[in-house]
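This report walks through selected parts of one structure. Keep the sequence and the 3D view at hand while reading.

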Amino acid sequence: MPDPQHPLLDIRNLVIEATSYPPGEPPKTVTLVHGVSLTLEKGKVLGLIGESGAGKSTIGLSSMAYGRGGVRITGGEVILNGRDILKGGAAGLRALRGREVTYVAQSAAAAFNPAKPLMEQVIETTLSHGLMSRAEAEVRAVDLFRQLGLPNPETIGRRFPHQVSGGQLQRVMTAMALCPKPDLVIFDEPTTALDVTTQIDVLAAIKRAIHETGVAALYITHDLAVVAQVADDIMVLRHGRTVEYGSVQQVIEAPREAYTQALVSVRSIDHVEKPEAPPLLSIQNVTARYKGTNFDVLKNVSVDLPAGQTLAVVGESGSGKSTLARVITGLLPLGQGRISFDGRVLSPDLAGRAPEDLRQLQMIYQMADVAMNPRQTVGTIIGRPLEFYFGLRGEAKRQRVQELLDQIEMGAGFADRYPAELSGGQKQRVCIARALAAKPKLIICDEVTSALDPLVADGILKLLLDLQAREGVAYLFITHDLATVKAIADRIAVMFKGQVQRYGTKTDVLAPPYDEYTDLLLSSVPEMKLGWLEQVLAHRRMEGAGN
Amino acid sequence: MAHPVMKMVAQRVALGLLLLLAASVLIFVGTQILPGDVAQSILGQSATPETLANLRAELGLNEPALSRYFTWLGGILHGDLGTALSNGEPIGPALGKRLANTLFLAGAAAVIAVPLAVLLGLVSVRYRNRWPDKVISAVTLATISVPEFLLGYIVVFYLAVEWRLLPSLSTVYDGMALSERLYAVGLPVIVLVLAVLGHMMRMTRAAILNVMQSAYIETAELKGLRPFAIIAKHAFPNAIAPVVNVVMINLAYLVVGVVVVEVVFVYPGMGQYLVDHVAKRDVPVVQACGLVFAGVYIGLNLVADIVSILANPRLRHPK
């Protein structure tokens, strides 16, 4: 029985280490968490926030005494319901996991077993810990499905994970976590992988479920605006240490530490849009579909991009924004319409394009680490386009690589390093240098900052803007993140279901009156403001009632 | 509209039949059309021109190859495998009896080997890199590395000669009771199990270890499930497709590749039958055996394909 005198969870001086085994070298042990302490009362929500590598997931999982890979808890105490779970042994942990503490993962799509129907997985712990009969557990699961606003709550449990959408799956995972009536749920970035308009619904469902079941929660995220909507307290972490720990009000409205202030005021870039100019890239009435399908992924898309400017293409997954990039580069031949670039019409397919067209149109991808050959050094990677397009060799090539490394604010020492030795932000910088090496007139940036932490992403955006000012290169910037758009765009195209919903200069697009979809999109972006979620939902309900 | 899985399965079956047809062409070309005279090779160097001419006429070798092929194929489709040259009897009944013997031996070995291999694979994953895993790996590797005839003689020496548990000769005859028959094939079954266990066990282990990296295995661990339950309930169902493929290749081997074991234990199966008739240059029998072996191989791989399709929840339950 829980002792009313003690908090539900009391973590004291937690130290977590990880051992890695790099090939050909002695094992390396690094400390991930350096003596972090926290307490959580019954029914409260604590937000753990920080950038990647801050140790937030590691700390969250430590409350189930679980370490991923070679991660071990080497010091401190994790006291749950009055007893130290680190001393419970394997059997004690099995009794605790999935019973007292449950877990909601970032990617529900990966966290569900693809071979089993949802219901079986949702009620699995409730049955394995002997809490209820199968019939009772199924009734409870259906109640939770209903509570979380899932469609067809009676029958959705019979479906397989691939048969429901990502947002629904995340809610089913929340139901799975709540089913055994735990004392504590760990939410590990539960809405990060979702589209912004889906995120708001899932966030509201999770918040309501926490409220109605009275469960305590650790809510892990890198997005301060999201955590401000659900948490009672916030702990800001960096490099495995506590930076700031206080009530949500204090941390959001009066942050004490410089690092927290930086997080709160991130996206400080002030970009003034450039004046109208004749287009460098002109896309006219383009329609495209993938081979073997009878469905247009792009429908009658027309947009222009002037030289040296940035066109942001915004949309959610499935809106056709990456397909547009494939059509422009010629990877996917367009069906109808035409694309002109620098005064000439581009051949619809890659094979028909002149080498000069290829050189002037470069691309940077979201996943920098898979866009580089892991067995080539940075120097080789950047040097390749120099050789290929300009025939540079030897000393000339080395010097140009050096210049490019300087441009991306990385030193000469990086030329001999391999991609695996770089951080996420550095990898993306190398990809930018590789694109620049071709001296292009247009770079297509496909979600280039989406996989990066906010502060690092900011650095990349600033670099891109700098390079644009110096080199006069134009960007077609594909993103789902409206904050990024505001920071860098001169023009914006909002895409929805393969069509351009709204297009114009930044000022025009971001000013009312909005069309219905743009309004939904803009109002769904979490704001760093307490009570924002309730305001938006109340506003939407009123509008819904008015219709 | 028919279920998409039905369509895929139908495609596989059609492809299998096509493949079998191609195999029949290869077998026919290999035995009858390649350079060299069939009649000559049957009768040997000492044959007189008259006997050669007679045999050619008897075999229909003076007909064009294409019409001979279709006559042969037509006969097979009507269930007529032709007549053996060595004794002039129809091939069908003799081969049928031998095939039944081989399938009995292979079936008995498979019934033991497949569940045992999967179970050992699961145990290996449960104790990976610890001593049970290492022992299982070492033993199964050793048994597939030792030649089968040697394995055969080792089990004969201990189980038949020293301890007198099982008969060293696998004599079977019509009207034998099932228990007697199983007793008779005890030793060859043991040898075959040891010969195929290693591949299947290692594939099961590798396929499950691959699945164990998935995020949903972490979910299962965080649910507080027992390690063996995680492996058997959450990992194995997602590893069926690769495992089934290796199982089927090994089952095919049990049918097609057991010549040595049959010889060691003097077991009247397909392997011995084929070898005997190759020695006698009995071309129609060799052709019939070839076709049966091809059918077994293609059939078992077809089953593997179909099981893999059925094991995929995305295909079984489309959106």
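In this predicted model, Ser282(A) stands opposite Asp304(A), a residue of strand S12 of chain A. The strand that pairs with S12(A) here is S11(A), residues 279-288; the two run antiparallel and are joined by six bridges.

**The open sheet of chain A**

S11(A) and S12(A) belong to an open sheet of four strands with antiparallel pairing, in the order S12-S11-S14-S15. At its edges are S12(A), residues 298-306, and S15(A), residues 344-345, each of which pairs on one side only. Helix H12 of chain A, residues 321-329, lies across S11, S12 and S14 of that chain. The helix runs at about 70° to S12(A).

**A covered strand and its partners**

Strand S18 of chain A spans residues 474-479, and six of its six residues are buried. Ala474(A), Leu476(A) and Ile478(A) point one way from the strand, while Tyr475(A), Phe477(A) and Thr479(A) point the other way.

| Strand | Residues | Bridges to S18(A) | Direction |
|---|---|---|---|
| S13(A) | 310-314 | five | parallel |
| S17(A) | 442-446 | five | parallel |

Phe477(A) takes part in both pairings: Ala312(A) stands opposite Phe477(A), and Cys445(A) has Phe477(A) as its bridge partner.

UniProt, in an unreviewed entry, gives the annotation "domain: ABC transporter" to residues 9-264 and 281-522 of chain A. Over residues 281-522, the chain is 38% helix and 24% strand, with the end C-alpha atoms 27 Å apart.

Arg359(A) is found in helix H13 of chain A, residues 355-360. Is this residue buried, exposed or partly exposed? Arg359(A) counts as partly exposed because it has 17 C-beta neighbours inside 10 Å, and a buried residue needs 20 or more while an exposed one has 12 or fewer. Leaving aside residues up to four places away in sequence, Arg359(A) touches Tyr389(A), Ala438(A) and Pro440(A). Val196(A) lies 163 residues from Arg359(A) in sequence and 35 Å from it in space, C-alpha to C-alpha.

**Where chain A meets chain B**

How many residues of each chain are in contact with the other? In chain A there are 24, and they contact 17 residues of chain B. Helices H2 (89-96), H3 (108-111) and H5 (124-128) of chain A each supply at least two residues to this side of chain A. H2(A) gives the largest share, four residues. By type, the residues on the side of chain A that touches chain B are 13 nonpolar, seven polar and four charged.

**Helices of chain B**

For chain B, an unreviewed UniProt entry places the feature "transmembrane region" at residues 103-123, 135-161, 181-200, 243-265 and 285-311. Residues 103-123 are 100% helix and 0% strand, and their end C-alpha atoms lie 29 Å apart. Residues 181-200 are 95% helix and 0% strand, with end C-alpha atoms 26 Å apart.

Two packed helices are described by the angle between their axes and the distance between the axes. For helix H5 (residues 91-126) and helix H9 (residues 186-211) of chain B, the axes come within 7 Å and cross at roughly 35°. The crossing of H5(B) with H9(B) is right-handed. The residues of this contact divide into 22 nonpolar, three polar and one charged.

Terms used:
Residues are numbered from 1 along each chain as its sequence is written. Chains are lettered from A and ligands numbered from 1 in the order in which they are written. This is a predicted model: local features need pLDDT of at least 70, side-chain atom pairs count only at pLDDT 80 or more; totals for chains, interfaces and linings use all residues. UniProt positions are given in the numbering used here, feature names are shortened, and annotations may be inferred rather than shown by experiment. Two residues are in contact if their C-beta atoms, placed from the backbone, lie within 7 Å. Ala, Val, Leu, Ile, Met, Phe, Trp, Tyr, Cys and Pro count as nonpolar, Asp, Glu, Lys and Arg as charged, and the others, Gly among them, as polar. Two strands pair if DSSP finds at least two bridges between them. Axes are lines fitted to C-alpha atoms, for helices over the stretch in contact, and angles run from 0 to 180 degrees between N-to-C directions. A crossing is left-handed if the near helix is turned anticlockwise from the far one by less than a right angle, and right-handed if clockwise.
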